[in-house]
Amino acid sequence: QVQLVESGGGLVQAGGSLRLSCAASERTLSNYVMAWFRQAPGKAREFVGAISWSGANTDYADSVKGRFTISRDNAKNTQYLQMNSLKPEDTAVYYCAAHQGYYLDSYYRRETRYNYWGQGTQVTVSS
């Protein structure tokens, strides 16, 4: 059973930056695809971005492309979400997710593809 713990959320002004971390309990994450999702108040949870096992492949939602960057350090069992040029509409609870696998397949944007989730971390962007 993989346990994921997010950290790094907080309150930031529009235009600012935050870096979220997701630490895993598993001995190695090298055979897991990792992703970030977010859920704003009153809205469904949505895909933010995903990264393949090696970090060679990433993909992002259009709403964050060019502003957010996902990376991972398998030696530290940790993935990161660097968020720049934050906007008030980025306000949400951010969740880390993982599933066993190596590559971004046809379903990596779907919540149901992931069977391991963190508890979430709140990100609030003030205008």
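Visitor: Why does Arg-113 count as partly exposed?

Guide: A residue is buried under 20% relative accessible area, exposed over 50%, and partly exposed in between (1.4 Å probe, protein chains only). Arg-113 has 27% relative accessibility, so it counts as partly exposed. The model is predicted: local features need pLDDT of at least 70, side-chain atom pairs count only at pLDDT 80 or more, and totals for chains, interfaces and linings use all residues. Residues are numbered from 1 along each chain as its sequence is written, and side-chain values use heavy atoms, with hydrogens and water left out.

Visitor: What makes the pair Asp-105 and Arg-113 a salt bridge?

Guide: The term requires a side-chain nitrogen of Lys or Arg within 4 Å of a carboxyl oxygen of Asp or Glu. In the pair Asp-105 and Arg-113 the closest N and O atoms are 2.6 Å apart, and the pair forms a salt bridge. Asp-105, at 25% relative accessibility, is partly exposed. Elsewhere, salt bridges that share partners join Arg-38, Glu-46, Arg-67 and Asp-90 into one network. Side chains of opposite charge can pair when their charged atoms come close.

Visitor: Which residue forms a salt bridge with Arg-38, and how far apart are the closest N and O atoms?

Guide: The partner of Arg-38 is Glu-46, with the closest N and O atoms 2.6 Å apart. Arg-38 has a relative accessible area of 5% and is therefore buried, whereas Glu-46, at 35%, is partly exposed.

Visitor: How do you know that Asp-62 is exposed?

Guide: The relative accessible area of Asp-62 is 65%, and therefore Asp-62 is exposed. Asp-62 forms a salt bridge with Lys-65, in which the closest N and O atoms are 3.4 Å apart. Lys-65 has 46% relative accessibility and counts as partly exposed. A search of the whole structure finds 7 salt bridges.

Visitor: What makes Cys-22 and Cys-96 a disulfide?

Guide: A disulfide is a pair of cysteine sulfur atoms within 2.5 Å. The sulfur atoms of Cys-22 and Cys-96 are 2.0 Å apart, and the two residues form a disulfide. The pair links distant parts of the chain, with Cys-22 in strand S3 and Cys-96 in strand S9, 74 residues apart. Here strands (E, at least two residues) and helices (H or I, at least four) are DSSP runs, numbered from the N terminus. The structure holds 1 disulfide.

Visitor: Why is the disulfide of Cys-22 and Cys-96 called left-handed?

Guide: The torsion about its S-S bond is about -75°, so the disulfide is left-handed. Cys-22 has a relative accessible area of 0% and is therefore buried; Cys-96, at 0%, also counts as buried.

Visitor: What makes a set of residues a nonpolar core?

Guide: The members are buried Ala, Val, Leu, Ile, Met, Phe, Trp, Tyr and Cys residues joined through side-chain atoms within 4.5 Å. The largest nonpolar core has 37 residues, of which Leu-4, Met-34, Trp-36, Leu-81, Met-83 and Tyr-94 touch the most other members. Among the strands that each supply at least two residues of this core are S3 (18-24), S4 (32-39) and S9 (92-100). The largest share, 6 residues, comes from S4.

Visitor: Which residues lie nearest the centre of the largest pocket?

Guide: They are Arg-38, Ala-40, Lys-43, Glu-46 and Glu-89, among a lining of 13 residues. On a 1 Å grid over the protein atoms alone, a pocket is an open set of points where a 1.4 Å probe fits, with protein on both sides within 12 Å along at least five of seven lines; lining residues have an atom within 4 Å of a point. The largest pocket has a volume of about 160 Å³, a volume being the space filled by probe spheres set on the points. Glu-89 is placed in the loop between S8 and S9; its relative accessible area is 54%, so Glu-89 is exposed.
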